[in-house]
Amino acid sequence: MMTLIINIVSMLRKGNAMTDKPTVLITGASTGIGAAYAERFARRGHDLVLVARNTARMEALADRLRRDTGVTIDIVAADLVDPAERAVVEARLRDDARIGILINNAGASLAGTFLDQTADDIDRLVALNTTALVRLAHAVAPRLAQAGEGAIVNIGSVVGLAPEFGMPVYGATKSFVLHLSQALSLQLASQGVYVQAVLPAATRTEIWGHAGVDVDTLSGVMEVDDRVDAALVGFDRREIVTIPPLHDGGQWTDFEAARQAMIPGFAQSRPADHYLASA
Ligand code: NAP
């Protein structure tokens with residue numbers, strides 16, 4: 001009898017999930033890549049929760065999208081570096097059962113070299129690009145796993161694959177995003193939760209100006225709409241890692257194969273011959 005009741009509840013839940021599109025919570029939604037995600041998901045008929053610091057910009061975006069698409073849009077003004085303000089977003093992700101997709105997009109870069117940057121600026125960057133991102137994922141993941149469906153999209157960067165670009169702290173935060181996403185995918189996919197890492201390269205947004213770089217001096221800059229449309233093709237295909245500018249997708253496949261080929265060799269009780277003192 002108990003099994004029957006559980007099955008009926010489960011069927012009702014699934015039926016409800018199929019008719020209702022999940023609400024999408026997007027961080028860094030006041031401009032740039034996050035605002036473009038908001039536009040795309042609103043046009044797909046998803047209700048939204050927009051998170052950033054600049055309320056006026058989010059209100060303007062929300063007014064336009066409500067008018068154009070009819071979806072419901074809530075705004076949460078929060079500095080994700082501030083633990084108390086971030087906690088409000090974490091609570092929303094934990095408690096609001098309508099939210100089925102998290103777009104972990106808010107991020108920043110830093111001007112100058114490692115020697116120019118202050119420890120406090122580095123601390124804020126790490127807090128935004130890594131601590132906030134992982135805390136928000138951690139807030140929502142148990143509920144999605146319990147529901148057996150949902151998605152977490154983490155915005156990384158190709159800089160996380162390229163120390164040669166000369167952005168050590170920013171690049172390290174984006175390596176964190178890639179590793180976290182791949183590892184979470186391995187843990188959560190079997191529970192129905194899709195995790196995607198998106199690795200953009202240079203995109204025409206305000207992030208460059210904030211880091212003291214004139215984006216018009218760069219080559220190979222992608223427009224934000226193209227960037228997000230490509231990322232959403234990867235999302236719809238349920239790709240784990242999406243690199244919109246990489247024309248030769250086989251390079252990523254080869255890179256992953258080379259990395260995975262090393263793994264069986266890590267379990268060794270003695271050092272490699274070339275590390276023996278006698279060598
Ligand atoms: P952007 O135009 O500067 O937008 C950044 C967004 O994050 C804004 O909505 C900003 O809103 C929000 N934000 C910044 N600090 C915040 C904080 N402390 N608390 C809450 N929200 C905060 O940058 P973007 O280019 O769209 O970047 C989006 C993501 O893409 C980032 O993770 C970035 O690292 C990544 N990415 C960008 C590029 C590129 O070339 N543009 C390339 C690779 C990866 P408020 O100021 O209103 O808070």
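This tour moves from the sheet to the helices packed on it and then to the ligand.

The model is predicted, with local features requiring pLDDT of at least 70 and side-chain atom pairs pLDDT 80 or more, while totals for chains, interfaces and linings use all residues. Residues are numbered from 1 along each chain as its sequence is written, and side-chain values use heavy atoms, without hydrogens and water.

**The sheet**

Begin by selecting the strands, which are DSSP runs of E with at least two residues, numbered from the N terminus. Seven of them form an open sheet in the order β3-β2-β1-β4-β5-β6-β7, with parallel pairing; two strands pair if DSSP finds at least two bridges between them. At the edges, β3 (73-77) and β7 (241-242) each pair on one side only.

Next, select β2 (residues 48-52), which pairs with β3 in the parallel sense over 5 bridges. Leu48 stands opposite Ile73 of β3.

**The helices on the sheet**

Helices are DSSP runs of H or I with at least four residues. Show α3 (residues 55-69), which packs on the sheet and touches β2 and β3; contact means heavy atoms within 4.5 Å. The direction of α3 makes about 175° with that of β3, where axes are lines fitted to C-alpha atoms, for helices over the stretch in contact, and angles run from 0 to 180 degrees between N-to-C directions.

Then select α2, which lies across β1 (23-27), β2, β4 (99-104), β5 (150-155) and β6 (193-198). This helix runs at about 170° to β1.

**The ligand**

A polar side-chain atom of Thr205 lies 2.5 Å from an oxygen atom of the ligand. For Asn105, a backbone N or O atom lies 2.8 Å from a ligand oxygen atom.

Conventions: Polar contact = N/O pair within 3.5 Å; in protein donor to acceptor, adjacent residues only side chain to side chain.
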